[in-house]
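Here is a briefing on the salt bridges of one protein model. Please look at the structure first, then read the points below.

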Amino acid sequence: MAKMVRRTCAFCSEGEAGSVMYIAKERNVAAHQDCLLFSSGFVESEEYNPDNLDLRFDVASVLKELKRGKRLVCNFCRKKGATVGCEERACRRSYHYFCALCDDAAIETDEVNGVYRVFCPKHDPGNKTNHYGAASKRRRHALKSSTITEQMSTEETAEDSLRILERKNNRHKVQIDFVRKCKQAGLLDDIFEEMLDTLHLAQEKLMDDNTSETEYEETVMSLFDCGLFENILTNIHSGTEEKIRELLESRKRLDNKIELLQDLKEVVLPPQENTASTSSTMSE
């Protein structure tokens, strides 16, 4: 079976994340080692030999995973080809590997046992607020590379964090510049019209009783994944809390007024017995 050929970027420093790639010239395919290792549906070659890294991945498996990725949209960049899925079984978030880094996803690597896992920020096992369960962990067959055996030092981890932060800042600048250029080109109206059409289509699917369960679930997940639906619900919740507070204060003021009116009523209108006694005296 044809194998991918290992290559290292000549411009990257030794050990740089993403510097190792695997290439299949005959199929015009190249892939980062990390993109392959962390792809959810990908498995290393059974013929893998630590003494010969060229045998680590076979071309057919890589092409199969690429085909699977064409149906998956990245939760971060919203483009297709997202083969790196969150390890939480109930989660539908998928990423490109480097998009997962930019989105602060948790990366877990255990090269000794051949475990490569990614958790979206919501299901990060290190986050005490998540609902991650040990039973949801999944292992895939992979073997230890003889050239990488030591854990990253604290300094290397800090450098990686700085690189990730720099990538996020650069991404934000690119996005802001892109929107400004769209405005200058007169495209913003068209973009927002397309967004509204998409939202209306989602509304129709959710309101239609004939929508299949799969399509219904995909529509709901898309609304939450883009962040818009969740933000709106949060704003509605905040507005509801404020409305409740205003109504409680209004009720408190009304209770005070009722109490004052009751006091005035007792002063202005004497009890019925006294009124009857006064009338009898006057008639005599």
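Glu65 is buried, at a relative accessible area of 6%. This is a predicted model. Its salt bridges number six.

**Pair in helix α2**
- Helix α2 (residues 59–69) holds both partners. They sit three residues apart, about one turn of the helix.
- Arg68 has 23% relative accessibility and counts as partly exposed. Glu65, at 6%, is buried because its value falls under 20%.

**Pair between separate elements**
- Asp225 and Arg93 form a salt bridge, their closest N and O atoms lying 3.8 Å apart.
- Asp225 belongs to helix α6 (residues 213–225), while Arg93 lies in the loop between β4 (84–85) and β5 (94–95), so the bridge ties together parts 132 residues apart in sequence.
- Asp225 is buried, with a relative accessible area of 18%. Arg93 also counts as buried, at 14% relative accessibility.

**Pair in helix α7**
- Arg245 and Glu249 meet through their side chains in a salt bridge of 2.7 Å, N to O.
- Both residues lie in helix α7 (residues 228–268). Four residues separate their positions, about one turn of the helix.
- Arg245 is partly exposed, at 39% relative accessibility. Glu249 is partly exposed as well, at 36%.

Key. Residues numbered from 1 in each chain as written. Predicted model: local features only at pLDDT ≥ 70, side-chain atom pairs only at ≥ 80, totals over all residues. Heavy atoms only, no water. Salt bridge = Lys/Arg side-chain N within 4 Å of Asp/Glu carboxyl O. Helix = DSSP H or I, 4+ residues; strand = E, 2+ residues; numbered from the N terminus. Buried < 20%, exposed > 50% of the residue type's maximum accessible area, 1.4 Å probe, protein only.
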